[in-house]
Amino acid sequence: MTEVYRKWGRAVRYENGTVIFVSEAGEAFEQDGVFQARPAVEEPAQTRVSVPPSARADLDAFVAETQVNVAQTLLSVRSGRIERFIASAGTATHETTGTEWTEESRRVHISLVNPPLRALIDLASFDVAIVSTIADALARAGEERKAPKRIRLAPNVSAALLPSLLGELAMEQTGGGFDGRGQPIETRAVTHDPPPNWYRPGYAVQPVRAWMNIRALPFGRIDPDAPLAVALLEPVHGTTLHVLCVDGDDVFPTTVDASHIAAVSRAEPVWYPHAGGSFGAEMML
Amino acid sequence: MATCALIESRLMHGVATQRGDSIEASDARDERLVHACDSAIDEARATVAALRDARVRVVVRGTREDSVEAVETTMTVAIDGLSVVTTPSNALGDYDLLHRVRNASAPMRGSILWSNGSAAVLLHEAFGHGSEHDVAPVAWPPWLAVDAPLVSRRETFRDVPLMRMTHLIARQTNAPFTLPEERIDVQLIAGGAYDPVTDIVTIDVAVSSAGPFTMRRSRAEIAASLSGASGEPVRYPGVICSREGQELYVASHAPVMITDGLL
(Lines give C-alpha, C1' and ligand atoms only; values in the text may rest on other atoms or scores of the structure.)
Protein backbone atom coordinates (compact mmCIF):
# COMPACT_ATOMS: atom_id res chain seq x y z
CA MET A 1 0.00 0.00 0.00
CA THR A 2 1.29 3.49 -0.84
CA GLU A 3 1.77 5.62 2.25
CA VAL A 4 0.53 9.14 1.49
CA TYR A 5 1.57 12.05 3.70
CA ARG A 6 -0.49 15.28 3.56
CA LYS A 7 0.18 18.62 5.16
CA TRP A 8 -1.86 21.80 5.35
CA GLY A 9 -0.20 24.80 6.82
CA ARG A 10 -0.02 28.49 7.39
CA ALA A 11 3.10 30.32 8.43
CA VAL A 12 4.37 33.82 8.83
CA ARG A 13 7.98 34.83 8.68
CA TYR A 14 9.61 38.14 9.57
CA GLU A 15 12.80 38.40 7.54
CA ASN A 16 14.97 41.47 7.89
CA GLY A 17 12.06 43.89 7.78
CA THR A 18 9.73 42.03 5.42
CA VAL A 19 6.76 39.96 6.64
CA ILE A 20 5.67 37.04 4.48
CA PHE A 21 2.47 35.04 5.05
CA VAL A 22 2.42 31.61 3.39
CA SER A 23 -0.55 29.26 2.99
CA GLU A 24 -0.04 25.91 1.34
CA ALA A 25 -1.08 22.30 1.22
CA GLY A 26 0.93 19.44 -0.14
CA GLU A 27 1.23 15.71 -0.30
CA ALA A 28 4.04 13.23 -0.69
CA PHE A 29 4.20 9.52 -1.36
CA GLU A 30 6.57 6.86 -2.59
CA GLN A 31 5.50 4.71 -5.48
CA ASP A 32 7.62 2.11 -7.26
CA GLY A 33 10.72 3.50 -5.57
CA VAL A 34 10.03 7.08 -6.66
CA PHE A 35 9.50 9.78 -4.04
CA GLN A 36 6.87 12.23 -5.27
CA ALA A 37 5.76 15.52 -3.73
CA ARG A 38 3.26 18.01 -5.06
CA PRO A 39 0.78 20.63 -3.93
CA ALA A 40 -2.58 19.20 -2.95
CA VAL A 41 -4.70 19.93 -6.00
CA GLU A 42 -8.15 19.14 -4.63
CA GLU A 43 -8.15 21.17 -1.46
CA PRO A 44 -6.36 24.50 -1.63
CA ALA A 45 -4.81 25.57 1.65
CA GLN A 46 -7.04 28.60 1.84
CA THR A 47 -10.21 26.53 2.27
CA ARG A 48 -8.94 23.51 4.12
CA VAL A 49 -10.82 23.14 7.39
CA SER A 50 -8.13 21.03 9.03
CA VAL A 51 -5.97 24.06 9.70
CA PRO A 52 -7.48 25.65 12.81
CA PRO A 53 -9.50 28.71 11.73
CA SER A 54 -7.74 30.71 14.43
CA ALA A 55 -4.39 30.13 12.70
CA ARG A 56 -4.42 33.37 10.73
CA ALA A 57 -5.43 35.41 13.76
CA ASP A 58 -2.65 33.76 15.76
CA LEU A 59 -0.16 34.59 13.04
CA ASP A 60 -1.32 38.20 12.88
CA ALA A 61 -0.79 38.38 16.65
CA PHE A 62 2.68 36.88 16.16
CA VAL A 63 3.56 39.63 13.69
CA ALA A 64 2.53 42.32 16.18
CA GLU A 65 4.48 40.56 18.93
CA THR A 66 7.47 40.16 16.63
CA GLN A 67 7.55 43.85 15.85
CA VAL A 68 7.75 44.58 19.59
CA ASN A 69 10.46 41.94 19.99
CA VAL A 70 12.43 43.33 17.07
CA ALA A 71 12.31 46.79 18.63
CA GLN A 72 13.43 45.41 22.02
CA THR A 73 16.20 43.42 20.36
CA LEU A 74 17.41 46.45 18.43
CA LEU A 75 17.61 48.35 21.70
CA SER A 76 19.41 45.50 23.44
CA VAL A 77 22.13 45.22 20.80
CA ARG A 78 22.82 48.91 20.33
CA SER A 79 26.51 48.19 20.57
CA GLY A 80 26.50 45.70 17.73
CA ARG A 81 24.99 45.20 14.33
CA ILE A 82 22.22 42.77 13.42
CA GLU A 83 23.14 41.07 10.17
CA ARG A 84 20.14 38.80 9.94
CA PHE A 85 16.86 38.70 11.88
CA ILE A 86 14.38 36.00 11.05
CA ALA A 87 11.40 35.01 13.18
CA SER A 88 8.70 32.62 12.10
CA ALA A 89 5.55 31.02 13.43
CA GLY A 90 3.45 28.35 11.82
CA THR A 91 0.51 26.04 12.31
CA ALA A 92 0.31 22.82 10.34
CA THR A 93 -2.02 19.85 10.25
CA HIS A 94 -0.46 16.57 9.13
CA GLU A 95 -2.16 13.37 8.04
CA THR A 96 -0.69 9.99 7.23
CA THR A 97 -1.49 6.32 7.80
CA GLY A 98 -4.79 7.24 9.45
CA THR A 99 -3.22 9.58 11.99
CA GLU A 100 -3.93 13.32 11.99
CA TRP A 101 -2.15 15.80 14.23
CA THR A 102 -1.59 19.54 14.47
CA GLU A 103 1.64 21.26 15.40
CA GLU A 104 2.63 24.80 16.11
CA SER A 105 6.17 25.97 15.67
CA ARG A 106 8.17 29.09 16.37
CA ARG A 107 11.71 29.89 15.38
CA VAL A 108 14.04 32.84 15.88
CA HIS A 109 17.35 33.22 14.11
CA ILE A 110 19.57 36.23 14.73
CA SER A 111 23.12 36.81 13.62
CA LEU A 112 24.99 39.61 15.32
CA VAL A 113 28.24 40.93 13.94
CA ASN A 114 31.23 42.74 15.28
CA PRO A 115 33.68 42.25 12.41
CA PRO A 116 35.36 39.87 11.97
CA LEU A 117 33.10 37.97 14.40
CA ARG A 118 29.56 36.76 13.85
CA ALA A 119 27.46 35.28 16.66
CA LEU A 120 24.71 32.86 15.66
CA ILE A 121 21.56 32.64 17.75
CA ASP A 122 18.85 30.03 17.15
CA LEU A 123 15.91 29.91 19.54
CA ALA A 124 12.43 28.45 19.73
CA SER A 125 11.04 31.73 21.05
CA PHE A 126 12.21 35.25 21.71
CA ASP A 127 14.58 35.56 24.60
CA VAL A 128 15.81 39.11 24.68
CA ALA A 129 18.01 38.29 27.71
CA ILE A 130 20.09 35.78 25.70
CA VAL A 131 20.36 38.16 22.75
CA SER A 132 21.38 41.01 25.04
CA THR A 133 23.99 38.88 26.86
CA ILE A 134 25.55 37.76 23.60
CA ALA A 135 25.46 41.25 22.05
CA ASP A 136 27.18 42.68 25.12
CA ALA A 137 29.87 39.99 25.07
CA LEU A 138 30.39 40.36 21.32
CA ALA A 139 30.94 44.10 21.69
CA ARG A 140 33.74 43.45 24.23
CA ALA A 141 35.39 40.56 22.38
CA GLY A 142 39.16 40.62 22.11
CA GLU A 143 41.60 38.53 20.11
CA GLU A 144 41.30 34.78 19.55
CA ARG A 145 42.78 32.75 22.42
CA LYS A 146 43.73 29.17 23.09
CA ALA A 147 40.83 27.20 24.55
CA PRO A 148 40.70 27.21 28.37
CA LYS A 149 41.31 23.86 30.09
CA ARG A 150 37.81 23.84 31.48
CA ILE A 151 34.95 25.56 29.66
CA ARG A 152 31.22 25.57 30.19
CA LEU A 153 28.81 25.59 27.25
CA ALA A 154 25.65 27.66 27.65
CA PRO A 155 22.42 25.75 26.83
CA ASN A 156 22.05 27.47 23.43
CA VAL A 157 25.56 26.25 22.52
CA SER A 158 25.25 22.72 23.91
CA ALA A 159 21.93 22.19 22.10
CA ALA A 160 23.63 22.79 18.75
CA LEU A 161 26.38 20.32 19.67
CA LEU A 162 24.16 17.43 20.82
CA PRO A 163 23.38 16.01 17.34
CA SER A 164 27.16 15.57 16.84
CA LEU A 165 27.43 13.56 20.07
CA LEU A 166 24.82 10.91 19.25
CA GLY A 167 26.15 7.59 20.47
CA GLU A 168 29.04 9.27 22.29
CA LEU A 169 27.18 10.78 25.24
CA ALA A 170 24.36 9.28 27.32
CA MET A 171 21.18 10.81 25.86
CA GLU A 172 17.52 10.09 25.60
CA GLN A 173 14.83 10.88 23.08
CA THR A 174 12.08 12.87 24.76
CA GLY A 175 8.61 11.50 24.16
CA GLY A 176 5.64 13.48 22.89
CA GLY A 177 3.98 14.26 19.59
CA PHE A 178 4.34 12.46 16.28
CA ASP A 179 7.15 12.03 13.81
CA GLY A 180 7.21 12.59 10.03
CA ARG A 181 5.49 9.28 9.40
CA GLY A 182 2.75 9.70 11.98
CA GLN A 183 4.39 7.41 14.53
CA PRO A 184 4.34 8.50 18.17
CA ILE A 185 7.65 9.77 19.52
CA GLU A 186 8.40 7.80 22.66
CA THR A 187 10.92 8.40 25.40
CA ARG A 188 13.82 6.00 24.99
CA ALA A 189 17.56 5.80 25.30
CA VAL A 190 19.54 6.99 22.30
CA THR A 191 21.67 4.10 21.06
CA HIS A 192 23.84 3.24 18.08
CA ASP A 193 20.82 1.42 16.57
CA PRO A 194 18.87 3.07 13.76
CA PRO A 195 16.50 5.66 15.28
CA PRO A 196 12.91 4.46 15.59
CA ASN A 197 11.45 7.74 14.29
CA TRP A 198 11.47 9.76 11.11
CA TYR A 199 12.26 13.43 10.60
CA ARG A 200 10.39 15.23 7.82
CA PRO A 201 11.13 18.98 7.81
CA GLY A 202 8.72 19.67 4.93
CA TYR A 203 6.31 17.75 2.77
CA ALA A 204 8.63 17.98 -0.26
CA VAL A 205 11.51 16.43 1.64
CA GLN A 206 11.92 12.68 1.92
CA PRO A 207 11.78 11.67 5.59
CA VAL A 208 14.95 10.29 7.16
CA ARG A 209 15.43 8.26 10.32
CA ALA A 210 16.43 10.52 13.18
CA TRP A 211 16.41 10.78 16.94
CA MET A 212 13.87 13.44 17.90
CA ASN A 213 14.02 15.95 20.73
CA ILE A 214 17.24 14.60 22.23
CA ARG A 215 18.56 15.53 25.65
CA ALA A 216 21.79 14.69 27.45
CA LEU A 217 21.41 12.85 30.74
CA PRO A 218 22.85 14.85 33.65
CA PHE A 219 26.06 13.69 35.31
CA GLY A 220 29.17 15.08 36.98
CA ARG A 221 29.60 18.49 38.54
CA ILE A 222 29.72 21.78 36.71
CA ASP A 223 32.38 24.22 37.93
CA PRO A 224 30.47 27.53 38.11
CA ASP A 225 33.75 29.45 37.88
CA ALA A 226 34.84 27.91 34.58
CA PRO A 227 34.76 30.25 31.55
CA LEU A 228 31.42 30.16 29.71
CA ALA A 229 30.91 29.81 25.95
CA VAL A 230 27.87 32.04 25.42
CA ALA A 231 27.45 31.77 21.64
CA LEU A 232 28.50 29.94 18.53
CA LEU A 233 30.59 31.97 16.10
CA GLU A 234 30.21 29.41 13.32
CA PRO A 235 27.97 26.43 12.67
CA VAL A 236 29.14 23.29 14.48
CA HIS A 237 31.67 21.21 12.51
CA GLY A 238 31.58 17.71 13.97
CA THR A 239 32.61 18.25 17.57
CA THR A 240 34.64 21.39 16.86
CA LEU A 241 33.11 24.58 18.16
CA HIS A 242 34.19 28.14 17.45
CA VAL A 243 32.65 30.01 20.35
CA LEU A 244 32.52 33.34 22.11
CA CYS A 245 33.89 32.75 25.60
CA VAL A 246 33.39 34.89 28.72
CA ASP A 247 35.96 34.53 31.50
CA GLY A 248 35.33 37.15 34.19
CA ASP A 249 35.85 40.49 32.51
CA ASP A 250 37.57 38.92 29.51
CA VAL A 251 35.69 38.02 26.35
CA PHE A 252 37.41 36.20 23.49
CA PRO A 253 36.75 33.87 20.59
CA THR A 254 38.19 30.37 20.92
CA THR A 255 38.01 27.00 19.21
CA VAL A 256 37.27 23.97 21.35
CA ASP A 257 37.14 20.23 20.80
CA ALA A 258 33.89 19.16 22.43
CA SER A 259 34.27 15.42 21.96
CA HIS A 260 34.72 14.83 25.69
CA ILE A 261 31.97 16.13 27.97
CA ALA A 262 32.95 16.24 31.67
CA ALA A 263 29.54 17.19 33.11
CA VAL A 264 25.94 17.93 32.18
CA SER A 265 23.82 20.19 34.36
CA ARG A 266 20.80 18.92 36.27
CA ALA A 267 18.87 22.12 35.53
CA GLU A 268 15.72 21.86 33.41
CA PRO A 269 16.83 21.85 29.76
CA VAL A 270 15.36 24.14 27.12
CA TRP A 271 14.29 23.02 23.61
CA TYR A 272 16.17 24.44 20.62
CA PRO A 273 15.48 24.04 16.90
CA HIS A 274 18.49 21.97 15.83
CA ALA A 275 18.00 18.91 13.57
CA GLY A 276 15.02 16.88 14.91
CA GLY A 277 14.96 18.95 18.12
CA SER A 278 17.57 19.27 20.82
CA PHE A 279 17.34 20.18 24.51
CA GLY A 280 20.10 22.43 25.74
CA ALA A 281 21.50 22.27 29.26
CA GLU A 282 24.72 23.71 30.59
CA MET A 283 27.63 21.37 29.95
CA MET A 284 31.27 21.42 30.87
CA LEU A 285 34.21 20.17 28.79
CA MET B 1 23.64 -2.26 -19.74
CA ALA B 2 23.13 1.07 -18.00
CA THR B 3 19.58 2.09 -17.20
CA CYS B 4 18.04 5.40 -16.16
CA ALA B 5 15.79 5.35 -13.11
CA LEU B 6 13.71 8.17 -11.73
CA ILE B 7 14.32 8.62 -8.00
CA GLU B 8 12.42 11.76 -7.04
CA SER B 9 9.80 14.01 -8.61
CA ARG B 10 8.62 17.27 -7.10
CA LEU B 11 6.08 19.84 -8.25
CA MET B 12 5.76 23.20 -6.54
CA HIS B 13 3.68 26.19 -7.56
CA GLY B 14 2.51 29.37 -5.97
CA VAL B 15 1.76 33.05 -6.12
CA ALA B 16 3.24 35.86 -4.04
CA THR B 17 1.80 39.37 -3.89
CA GLN B 18 3.80 42.12 -2.23
CA ARG B 19 2.37 45.31 -0.73
CA GLY B 20 5.02 47.43 0.91
CA ASP B 21 6.90 45.27 3.40
CA SER B 22 4.25 42.55 3.45
CA ILE B 23 3.97 39.53 1.14
CA GLU B 24 0.97 37.19 0.86
CA ALA B 25 1.93 33.85 -0.65
CA SER B 26 -0.13 30.78 -1.43
CA ASP B 27 0.28 27.61 -3.45
CA ALA B 28 -2.21 28.74 -6.11
CA ARG B 29 -1.79 26.98 -9.44
CA ASP B 30 -1.21 28.78 -12.72
CA GLU B 31 -2.13 26.29 -15.46
CA ARG B 32 -0.19 28.13 -18.12
CA LEU B 33 3.07 28.09 -16.16
CA VAL B 34 2.58 24.48 -15.04
CA HIS B 35 2.05 23.48 -18.68
CA ALA B 36 5.17 25.37 -19.76
CA CYS B 37 7.21 23.59 -17.06
CA ASP B 38 5.80 20.17 -18.06
CA SER B 39 6.83 20.79 -21.68
CA ALA B 40 10.33 21.86 -20.65
CA ILE B 41 10.73 18.80 -18.41
CA ASP B 42 9.70 16.51 -21.29
CA GLU B 43 12.36 18.12 -23.49
CA ALA B 44 15.00 17.77 -20.78
CA ARG B 45 14.14 14.07 -20.30
CA ALA B 46 15.27 13.33 -23.83
CA THR B 47 18.72 14.69 -22.94
CA VAL B 48 18.88 12.88 -19.59
CA ALA B 49 18.51 9.53 -21.32
CA ALA B 50 21.90 10.03 -22.97
CA LEU B 51 23.72 10.69 -19.66
CA ARG B 52 23.98 7.03 -18.81
CA ASP B 53 26.30 6.87 -15.83
CA ALA B 54 25.37 10.22 -14.27
CA ARG B 55 23.08 11.30 -11.48
CA VAL B 56 20.99 14.12 -12.91
CA ARG B 57 18.74 16.67 -11.23
CA VAL B 58 16.57 18.69 -13.58
CA VAL B 59 14.88 21.83 -12.30
CA VAL B 60 12.43 23.79 -14.44
CA ARG B 61 11.26 27.16 -13.11
CA GLY B 62 8.39 28.94 -14.78
CA THR B 63 7.80 32.46 -13.51
CA ARG B 64 5.68 35.47 -14.32
CA GLU B 65 6.59 38.78 -12.72
CA ASP B 66 5.13 42.09 -13.85
CA SER B 67 3.67 40.27 -16.92
CA VAL B 68 7.12 38.98 -17.95
CA GLU B 69 7.15 35.21 -18.30
CA ALA B 70 10.29 33.09 -18.18
CA VAL B 71 11.05 29.39 -18.21
CA GLU B 72 14.48 28.27 -17.08
CA THR B 73 15.78 24.70 -17.21
CA THR B 74 18.91 23.73 -15.31
CA MET B 75 20.46 20.30 -14.98
CA THR B 76 22.93 19.26 -12.29
CA VAL B 77 24.95 16.36 -13.66
CA ALA B 78 27.13 14.38 -11.25
CA ILE B 79 29.56 11.53 -11.89
CA ASP B 80 31.78 10.03 -9.20
CA GLY B 81 31.43 12.99 -6.87
CA LEU B 82 32.10 15.66 -9.52
CA SER B 83 29.25 17.77 -10.80
CA VAL B 84 28.40 20.52 -13.25
CA VAL B 85 25.33 22.67 -13.62
CA THR B 86 24.23 22.90 -17.19
CA THR B 87 21.33 23.41 -19.57
CA PRO B 88 19.79 20.89 -21.99
CA SER B 89 21.62 22.43 -24.93
CA ASN B 90 25.02 22.17 -23.20
CA ALA B 91 24.43 18.96 -21.26
CA LEU B 92 26.13 16.50 -23.59
CA GLY B 93 29.25 18.63 -23.91
CA ASP B 94 29.47 19.13 -20.15
CA TYR B 95 28.87 15.41 -19.56
CA ASP B 96 31.86 14.70 -21.79
CA LEU B 97 33.87 17.27 -19.82
CA LEU B 98 33.09 15.42 -16.59
CA HIS B 99 34.52 12.26 -18.14
CA ARG B 100 37.58 14.09 -19.46
CA VAL B 101 38.80 16.05 -16.45
CA ARG B 102 41.25 14.40 -14.09
CA ASN B 103 42.93 15.48 -10.89
CA ALA B 104 46.74 15.29 -10.85
CA SER B 105 49.35 15.84 -8.18
CA ALA B 106 51.47 18.80 -9.23
CA PRO B 107 53.05 20.69 -6.32
CA MET B 108 50.92 23.46 -4.82
CA ARG B 109 52.97 26.43 -5.94
CA GLY B 110 53.20 29.00 -8.67
CA SER B 111 50.38 30.79 -10.44
CA ILE B 112 46.86 29.55 -11.01
CA LEU B 113 45.54 29.22 -14.54
CA TRP B 114 41.76 29.46 -14.35
CA SER B 115 40.68 27.55 -17.44
CA ASN B 116 37.33 26.40 -18.67
CA GLY B 117 35.62 29.65 -17.52
CA SER B 118 36.37 28.83 -13.86
CA ALA B 119 37.56 32.38 -13.16
CA ALA B 120 33.87 33.29 -13.38
CA VAL B 121 33.35 31.53 -10.04
CA LEU B 122 36.22 33.46 -8.45
CA LEU B 123 34.70 36.72 -9.75
CA HIS B 124 31.18 35.62 -8.81
CA GLU B 125 32.30 35.50 -5.19
CA ALA B 126 34.76 38.39 -5.14
CA PHE B 127 33.04 40.84 -7.47
CA GLY B 128 29.38 39.75 -7.69
CA HIS B 129 28.70 39.06 -4.02
CA GLY B 130 30.72 42.09 -3.10
CA SER B 131 28.28 44.15 -5.19
CA GLU B 132 25.28 42.40 -3.63
CA HIS B 133 26.51 43.38 -0.19
CA ASP B 134 27.52 46.86 -1.31
CA VAL B 135 30.94 46.52 0.26
CA ALA B 136 33.85 48.93 -0.18
CA PRO B 137 35.37 48.81 -3.67
CA VAL B 138 38.73 47.19 -4.35
CA ALA B 139 41.11 47.90 -7.24
CA TRP B 140 40.41 45.58 -10.17
CA PRO B 141 42.80 45.46 -13.14
CA PRO B 142 42.02 48.10 -15.79
CA TRP B 143 41.81 45.44 -18.52
CA LEU B 144 38.94 43.64 -16.72
CA ALA B 145 35.25 44.46 -17.22
CA VAL B 146 32.64 42.51 -15.29
CA ASP B 147 28.95 42.55 -16.18
CA ALA B 148 27.01 41.25 -13.17
CA PRO B 149 23.68 43.05 -12.96
CA LEU B 150 21.61 42.75 -9.78
CA VAL B 151 17.85 42.28 -9.95
CA SER B 152 15.21 41.29 -7.42
CA ARG B 153 15.10 37.47 -7.42
CA ARG B 154 13.64 34.74 -5.21
CA GLU B 155 13.92 30.95 -5.27
CA THR B 156 10.28 30.19 -4.53
CA PHE B 157 7.02 31.99 -3.88
CA ARG B 158 7.71 31.44 -0.16
CA ASP B 159 10.88 33.51 -0.22
CA VAL B 160 11.59 37.19 0.30
CA PRO B 161 13.13 38.57 -2.92
CA LEU B 162 16.71 39.80 -2.69
CA MET B 163 18.94 41.76 -5.05
CA ARG B 164 20.84 38.97 -6.75
CA MET B 165 23.01 38.44 -9.80
CA THR B 166 21.29 37.15 -12.95
CA HIS B 167 24.57 36.37 -14.68
CA LEU B 168 28.24 37.24 -14.56
CA ILE B 169 30.24 37.83 -17.73
CA ALA B 170 33.88 38.86 -17.38
CA ARG B 171 35.71 40.27 -20.38
CA GLN B 172 39.31 41.31 -20.94
CA THR B 173 40.61 44.05 -23.22
CA ASN B 174 44.30 43.96 -24.06
CA ALA B 175 45.14 42.05 -20.90
CA PRO B 176 48.69 40.81 -20.51
CA PHE B 177 49.03 37.06 -20.87
CA THR B 178 52.15 34.98 -20.44
CA LEU B 179 51.64 31.37 -19.53
CA PRO B 180 53.72 30.80 -16.38
CA GLU B 181 55.92 27.72 -16.35
CA GLU B 182 55.11 26.96 -12.75
CA ARG B 183 51.35 26.88 -12.45
CA ILE B 184 48.30 24.96 -11.38
CA ASP B 185 45.56 24.50 -13.93
CA VAL B 186 42.08 24.75 -12.38
CA GLN B 187 39.29 23.09 -14.35
CA LEU B 188 36.29 22.56 -12.09
CA ILE B 189 35.13 24.24 -8.89
CA ALA B 190 33.17 22.41 -6.21
CA GLY B 191 31.89 25.54 -4.50
CA GLY B 192 32.60 29.03 -3.34
CA ALA B 193 31.55 31.51 -0.70
CA TYR B 194 31.93 35.13 0.23
CA ASP B 195 31.61 36.34 3.82
CA PRO B 196 30.77 40.06 3.98
CA VAL B 197 31.76 40.22 7.66
CA THR B 198 35.34 39.07 7.10
CA ASP B 199 35.52 40.09 3.41
CA ILE B 200 36.98 36.64 2.73
CA VAL B 201 36.33 34.60 -0.42
CA THR B 202 36.55 30.82 -0.20
CA ILE B 203 36.95 28.70 -3.32
CA ASP B 204 36.84 24.89 -3.19
CA VAL B 205 38.58 23.57 -6.28
CA ALA B 206 37.29 20.16 -7.35
CA VAL B 207 39.61 19.37 -10.25
CA SER B 208 43.06 20.79 -10.90
CA SER B 209 46.55 19.72 -11.87
CA ALA B 210 47.31 19.75 -8.12
CA GLY B 211 44.14 17.89 -7.10
CA PRO B 212 41.32 19.35 -5.02
CA PHE B 213 42.20 22.24 -2.71
CA THR B 214 40.62 25.14 -0.84
CA MET B 215 41.73 28.75 -1.16
CA ARG B 216 40.76 31.60 1.19
CA ARG B 217 41.69 35.18 0.37
CA SER B 218 40.30 38.67 0.80
CA ARG B 219 38.65 40.45 -2.14
CA ALA B 220 41.54 42.89 -2.28
CA GLU B 221 44.07 40.04 -2.47
CA ILE B 222 42.11 38.39 -5.26
CA ALA B 223 41.78 41.62 -7.23
CA ALA B 224 45.51 42.24 -6.86
CA SER B 225 46.35 38.68 -7.90
CA LEU B 226 44.76 38.95 -11.37
CA SER B 227 47.80 39.16 -13.63
CA GLY B 228 46.51 38.23 -17.05
CA ALA B 229 43.74 36.95 -19.27
CA SER B 230 43.28 35.71 -22.79
CA GLY B 231 40.49 35.28 -25.29
CA GLU B 232 36.75 35.58 -25.22
CA PRO B 233 34.59 34.66 -22.20
CA VAL B 234 34.09 30.92 -21.85
CA ARG B 235 30.90 29.51 -20.32
CA TYR B 236 31.63 27.86 -16.98
CA PRO B 237 29.36 24.85 -16.51
CA GLY B 238 27.42 25.99 -13.61
CA VAL B 239 26.94 28.20 -10.70
CA ILE B 240 24.06 27.51 -8.36
CA CYS B 241 24.32 30.42 -6.00
CA SER B 242 23.01 30.06 -2.45
CA ARG B 243 22.32 33.12 -0.34
CA GLU B 244 19.98 33.31 2.63
CA GLY B 245 19.10 29.70 1.84
CA GLN B 246 17.77 30.61 -1.60
CA GLU B 247 19.44 28.71 -4.44
CA LEU B 248 19.45 30.38 -7.86
CA TYR B 249 21.16 29.64 -11.15
CA VAL B 250 23.65 32.31 -12.27
CA ALA B 251 25.06 31.94 -15.78
CA SER B 252 28.81 32.56 -15.58
CA HIS B 253 31.41 33.33 -18.25
CA ALA B 254 35.06 34.36 -18.06
CA PRO B 255 38.12 34.21 -20.25
CA VAL B 256 41.14 32.11 -19.34
CA MET B 257 42.74 34.04 -16.50
CA ILE B 258 45.92 33.91 -14.44
CA THR B 259 46.32 34.79 -10.77
CA ASP B 260 49.59 35.13 -8.90
CA GLY B 261 50.26 34.79 -5.21
CA LEU B 262 47.09 32.98 -4.15
CA LEU B 263 48.75 29.65 -3.31
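**Entry 1: ground rules and domains of chain A**

I took domain bounds from an automatic or database domain assignment. On that basis chain A splits into domain 1 (4–139) and domain 2 (152–284). Taken over C-alpha atoms, the centres of domain 1 of chain A and domain 2 of chain A are 21 Å apart.

A reminder to myself: this is a predicted model, where local features need pLDDT of at least 70 and side-chain atom pairs count only at pLDDT 80 or more, while totals for chains, interfaces and linings use all residues. Residues are numbered from 1 along each chain as its sequence is written, and chains are lettered from A and ligands numbered from 1 in the order in which they are written.

**Entry 2: overall form of chain A**

I counted secondary structure as DSSP runs numbered from the N terminus, with helices (H or I) of at least four residues and strands (E) of at least two. Chain A has three helices and 19 strands. Its radius of gyration is 20 Å, close to the 19 Å of the globule rule for 285 residues, so chain A is as compact as a globular protein of that length. (The radius is taken over C-alpha atoms, and the rule is 2.2 Å times the number of residues to the power 0.38.) The C-alpha trace of chain A spans about 60 × 45 × 30 Å along its principal axes.

I call two residues in contact if their C-beta atoms, placed from the backbone, lie within 7 Å. Of the contacts in chain A with a separation of 6 or more, 63% join residues 24 or more positions apart.

**Entry 3: where the two domains of chain A meet**

How many residues of domain 1 of chain A are in contact with domain 2 of chain A? I found 25 residues of domain 1 in contact with 20 residues of domain 2. Among the elements giving two or more residues to the domain 1 side are strand E1 (4–15), strand E5 (99–114) and helix H2 (128–139) of chain A. E6(A) gives the largest share of that side, seven residues. By class, the domain 1 side has 15 nonpolar, five polar and five charged residues. (Ala, Val, Leu, Ile, Met, Phe, Trp, Tyr, Cys and Pro count as nonpolar, Asp, Glu, Lys and Arg as charged, and the others, Gly among them, as polar.)

**Entry 4: cores**

A residue is buried if 20 or more other C-beta atoms, placed from the backbone, lie within 10 Å of its own. By that test, buried residues make up 40% of the 285 residues in chain A. A nonpolar core is a set of buried Ala, Val, Leu, Ile, Met, Phe, Trp, Tyr and Cys residues joined through C-beta atoms within 7 Å.

The largest nonpolar core has 70 residues, and A:Ile134, A:Val157 and A:Ala229 are among those with the most contacts inside it. H2(A) supplies the largest share of this core, six residues. I clicked on A:Val157 and found that it touches A:Ala229, A:Ala231, A:Leu232, A:Leu241 and A:Val243, leaving aside residues up to four places away in sequence. A second, separate core of 51 residues includes B:Ile189, B:Val201, B:Ile222 and B:Ala254.

Strands pair, in my notes, if DSSP finds at least two bridges between them. Strands E13 (residues 228–232) and E14 (residues 240–247) of chain A run antiparallel, joined by four bridges. Here A:Leu228 stands opposite A:Val246 in E14(A).

E14(A) also pairs with strand E15 (residues 250–257) of chain A, in the antiparallel sense over eight bridges. A:Cys245 has A:Phe252 in E15(A) as its bridge partner. E14(A) and E15(A) form a hairpin with two residues between them, and A:Gly248 in the turn has a positive phi of about 65°.

**Entry 5: chain A against chain B**

The contact takes 24 residues from chain A and 21 residues from chain B. E2(A) gives the most to the chain A side, with eight residues. That side has 14 nonpolar, five polar and five charged residues.

Which way do E3(A) and strand E1 (residues 8–10) of chain B pair? They pair in the parallel sense over three bridges. A:Ala37 stands opposite B:Arg10 in E1(B).

**Entry 6: domains of chain B**

Chain B is assigned domain 1 (15–100) and domain 2 (111–259). Their centres, taken over C-alpha atoms, are 23 Å apart.

Terms used. Buried ≥ 20, exposed ≤ 12 C-beta atoms within 10 Å, placed from the backbone.
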